[in-house]
Amino acid sequence: MRDIQDIDSRPMRPNFDVKEQIREYWSRRSETFDQSPAHGIHSHRELTAWKRLIGDSAEGLAGARVLELASGTGEFTRVLRQLGCEVEGLDLSEAMIERARRKHGSDVKFYLGDAENTMLPDGRYDAVVCRHLVWTLLAPEDAFGDWLRVLKPGGHLVIVDGNWQHQAITAKIAARIARVWDRIAPRAALHD
């Protein structure tokens, strides 16, 4: 058995920063993210379905100031803008934000930041929207508290997420295809 002194005399190592791992993962995925099933919006029909879902979930969003958390490449930002929203996006990955800015130009403000601690002003937004984010949160209770803080009184919190642990067979197949695509797509892009 080791003596406590032996443990205390070991050189200190910095803790591994989970947020940094998450940022690196999504930054690597930024170039192929929109091509993956369930991330990109690939047809007018799909875009219309998303608009209907979000519009039904938060009536009266036209003209609303909306914070999109984990805005990624700005793919879902399209839905919000087509609903007439004034969108501000927040994402942890600079690479994702860069792609989003290429899509939307100066029409949308994108912030580099942490969705669990937005550091944005109290009561600023009519709605807070996120898609495929909640499953990644390290401290969901704190994040929800922060999201409610930035909402105006009577504002809408719209969360679109999935049960990624107990997927239907079609979702499992789509996830496998996405993983394969992510491995080959960067190489395929080099040959274009």
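Me: Is Phe76 buried or exposed?
Reply: Phe76 counts as buried, at 3% relative accessibility. Buried means under 20% relative accessible area, exposed over 50%, and partly exposed in between, with a 1.4 Å probe and protein chains only. This is a predicted model, where local features need pLDDT of at least 70, side-chain atom pairs count only at pLDDT 80 or more, and totals for chains, interfaces and linings use all residues. Residues are numbered from 1 along each chain as its sequence is written, and side-chain values use heavy atoms, leaving out hydrogens and water.

Me: How is a pair of aromatic rings described?
Reply: By the distance of the centres and the angle of the planes. Rings of Phe, Tyr and Trp (its six-membered ring) pair if their centres lie within 6.5 Å; planes under 30 degrees apart count as stacked, over 60 as edge-to-face and the rest as tilted. There are three aromatic pairs in the structure.

Me: Why is the pair of Trp50 and Phe76 edge-to-face?
Reply: Because the ring planes of Trp50 and Phe76 stand at 85°, with centres 5.1 Å apart, the pair is edge-to-face. The two residues are 26 residues apart, Trp50 in helix α3 and Phe76 in helix α4. Helices (H or I, at least four residues) are DSSP runs, numbered from the N terminus. Trp50 is buried too, with a relative accessible area of 15%.

Me: What sits over the ring of Trp50?
Reply: The charged end of Arg131, 5.2 Å from the ring centre. For this, NZ of Lys or CZ of Arg must be within 6 Å of the ring centre and within 35 degrees of the ring normal.
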